[in-house]
Amino acid sequence: MLTLAEVEALARRAHATQTDKAGRPYAEHLEAVAEGVRARGGDDEQIAAAWLHDAIEDDALSPQWLAAADLTDRTKAVVLAVTKRSGEPQEAYAQRILATPGALLVKESDLVHNADPARLAALDTPTRERLTSKYEGMRSLLGINETP
């Protein structure tokens, strides 16, 4: 099995050329989500999934890579659960997360970091308002009350 350090290094390499909507290195988001999972009591499988949570969705790694990766089935399931599919209704996405053991904690940490006021402040007003509404909607669907 890949160690957490190996998963982190792999995720950092996979997202090395990507930036977030504010132009920051994408690895900063991955690290924040992984640390959020750790702080919320997540286990190593969930922390590994946090490092990889956007890898498939952002085309940093392929679904085939994930299927063959030396990761636990649970880690792979969590990564797939939190991977938003093109055209997928938010309700279906939320139901998949809720149905996958361990996925809710990863998505919660992702949402908390995405909705961090400091991160949102770096965005233009229309983008900030759109994302704030999107994150609030997903928190509601998932039954998450925590906000940044």
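**Close-up views of a predicted helical model**

**View 1. The charged end of Lys 84 lies over the ring of Tyr 93, 5.8 Å from the ring centre.** A charge sits over a ring if NZ of Lys or CZ of Arg is within 6 Å of the ring centre and within 35 degrees of the ring normal. The model is predicted, with local features needing pLDDT of at least 70 and side-chain atom pairs counting only at pLDDT 80 or more, while totals for chains, interfaces and linings use all residues. Residues are numbered from 1 along each chain as its sequence is written, and side-chain values use heavy atoms, without hydrogens and water.

**View 2. Helix H6 (residues 90-99) meets helix H7 (residues 103-114).** Their axes come within 7 Å and cross at roughly 125 degrees. Axes are lines fitted to C-alpha atoms, for helices over the stretch in contact, and angles run from 0 to 180 degrees between N-to-C directions. H6 and H7 are therefore oblique to each other (under 35 degrees is roughly parallel, over 145 roughly antiparallel, 65 to 115 roughly perpendicular, the rest oblique). Tyr 93, Ile 97 and Leu 98 of H6 touch Ala 103, Leu 104 and Lys 107 of H7; contact means heavy atoms within 4.5 Å. This contact has 5 nonpolar, no polar and 1 charged residues (Ala, Val, Leu, Ile, Met, Phe, Trp, Tyr, Cys and Pro are nonpolar; Asp, Glu, Lys and Arg charged; the others, Gly among them, polar).

**View 3. The axes of helix H1 (residues 4-14) and helix H3 (residues 44-52) come within 9 Å.** They cross at roughly 10 degrees, which makes H1 roughly parallel to H3. On the H1 side are Leu 4, Val 7, Glu 8, Leu 10, Ala 11 and Arg 12, and on the H3 side Asp 44, Ile 47, Ala 48, Trp 51 and Leu 52. By class, the contact holds 8 nonpolar, no polar and 3 charged residues.

**View 4. The protein has 9 helices and 0 strands.** Helices (H or I, at least four residues) and strands (E, at least two) are DSSP runs, numbered from the N terminus. The C-alpha trace spans about 45 × 30 × 30 Å along its principal axes.
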